[in-house]
Amino acid sequence: MDGSAPEQVNPAGPPRGKYLGDLAVVDIAPEGDLVLRVTFNTSKETLTAAKESKEPPTALKPTVKQGYRVQISVLKANSGYFNRLLGDTRFVEAKAVENALQKLSLSNVKPSEADLSELPIVEISEDDEASRTANLSLAFGDLMRILHRVPITTRPLAVRYLAIIAVLADRFDCTPLVSKWLAAIKFKFPPITTQNQNRTGPALSKSSEELLRQKILVSWLLDRPLVFQPSTRELVMYGSRRWCTLFDEEDEKSEHVYTAAWWDLPSGLEQELQLRRDCILNTVSSVPSHFLSLYISPSQSRPQCKLGYTSSPSCDSFQLGVAIKFLSNRNLLSFVDFAPKSYDKFHASGPPNDYIMSDVLHIIKTLKQCPAYQIDNNHRHCDLRGRMGRILEFVEARLGGGGVGINRVEWAKDRVEASWERRHGAEDGEERVLKYTSSMSSDQRLRYGGAFAAEKLAREVFTADEWDWTAGENEGETEGISFGKWKLGEKSFPK
């Protein structure tokens with residue numbers, strides 16, 4: 001089943017059923033022994049958004065009451081929420097259900113043959129805070145059908161609608177059965193499309209990011225690890241408008257939409273994904289920053305130009321100018337002088353906004369385009385492109401494989417151990433410095449994303465506090481990171 005089809009949320013409204021007074025009752029289980037009377041409260045903002053959307057409207061009212069005839073035993077067996085609500089007589093609802101069924105038994109009336117007015121009624125209230133949809137009654141009805149193992153009525157299915165069902169399943173503690181249902185229907189999640197912004201490369205539109213976040217939420221709540229990990233990687237690589245300090249006018253007008261569950265991913269996922277992107281951007285930006293610092297403050301006895309000519313200092317100055325011009329023209333570098341006005345302006349506007357929502361791989365690709373100019377023909381190997389190239393390939397390889405996305409099994413098992421936060425910052429107060437040594441530069445196994453111990457290596461690289469990208473050049477070290485019996489050295493990080 002393809003999830004890329006436009007969402008059609010049963011435009012004819014809920015299936016016609018019976019009435020209990022003025023309450024329309026949908027027969028989920030025609031021989032059920034309970035009536036759920038659910039009050040759906042919809043916010044004004046959601047109603048306004050629904051009227052402006054292209055989705056076919058149903059009951060666009062702030063309050064909708066809907067009845068569902070269901071089977072108590074089915075709800076108790078498949079939902080922890082209903083098992084407690086209907087099975088624990090300390091709750092008023094459970095006691096009322098027990099008394100109503102006893103009354104039917106004394107009257108020799110089977111619940112399956114009883115009139116709706118004779119069945120016990122349980123009141124439930126639900127709002128749109130987590131789903132931001134005006135069609136919650138339809139999704140709730142389909143959830144009840146899934147629990148009763150009968151076909152749902154909404155066709156075709158879309159990721160957004162699945163996300164609403166997943167939120168409800170989590171709310172009523174019945175995600176295991178809904179997860180089995182999702183696997184049984186073989187739902188196909190659609191790929192995420194990006195829009196090319198020319199200068200800053202591919203980026204996620206608001207609708208594409210929302211779809212991606214819905215995929216992450218569904219795959220987390222309904223246990224789809226093969227969808228979850230690559231989807232979390234995509235969000236880390238492209239970034240999120242929720243992690244930006246600047247919003248466009250459209251975002252400000254529809255800010256209430258950002259309160260939907262997928263715009264603030266649960267179980268610490270939102271914070272972890274933002275942390276991973278920040279760590280990756282810090283690592284990528286450290287490559288040009290490292291060389292700029294070398295050119296700006298070189299040792300008099302060790303210039304960056306290794307040729308030993310009298311023109312070596314001029315070569316360093318030339319390469320510094322080329323690097324600054326290139327990075328500033330690509331808006332990868334900004335300047336703040338000593339004037340208070342300049343400092344205040346920088347803090348008011350924030351960092352350059354061009355690449356906040358840009359693909360990390362595009363930023364690396366841009367850095368690789370640094371000009372290979374030389375001051376003259378005697379300095380053919382002094383250009384910054386040549387020095388950064390292998391390092392950028394090393395960093396790019398760490399972005400492949402499974403090192404960036406979150407492993408669902410590990411995150412569910414031990415969130416503290418799986419998080420990058422645990423390694424971000426030295427535990428003993430000493431900064432963790434990654435030294436890019438000659439062994440790391442020459443080892444061909446590390447130039448590919450599927451390298452051995454890819455996840456551990458990616459974490460070590462991206463969660464360092466500082467990066468010495470010329471450690472191998474300066475000291476000729478051959479030691480790097482250690483992975484059990486396979487050692488790339490022990491001096492990449494201080495112990």
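Two strands are said to pair if DSSP finds at least two bridges between them, where strands (E, at least two residues) and helices (H or I, at least four) are DSSP runs numbered from the N terminus. This is a predicted model, in which local features need pLDDT of at least 70 and side-chain atom pairs count only at pLDDT 80 or more, whereas totals for chains, interfaces and linings use all residues. Residues are numbered from 1 along each chain as its sequence is written, and side-chain values use heavy atoms, with hydrogens and water left out.

**Sheet**
- Five strands form an open sheet of mixed pairing, in the order S1-S2-S4-S3-S5.
- The edges are S1 and S5 (121-127), each of which pairs on one side only.

**Strand pairs**
- S1 (residues 18-20) and S2 (residues 23-27) run antiparallel and are joined by three bridges, with Tyr-19 opposite Ala-24 and Lys-18 opposite Val-25.
- Two residues lie between the strands of this hairpin, where Gly-21 takes a positive phi near 70°.
- S2 also runs parallel to S4 (residues 63-70), again through three bridges, and Val-25 has Gly-67 of S4 as its bridge partner.

**Helix H5**
- H5 (residues 136-147) has twelve residues and reaches 17 Å from its first C-alpha to its last, close to the expected 16 Å, the expected span being 1.5 Å times one less than the number of residues.
- Twelve of the twelve residues of H5 are buried (under 20% relative accessible area, with a 1.4 Å probe and protein chains only), including Asp-142 and Arg-145.
- Arg-149, which follows H5, has a positive phi near 60°.

Note on methods
Buried means under 20% relative accessible area, exposed over 50%, partly exposed in between (1.4 Å probe, protein chains only).
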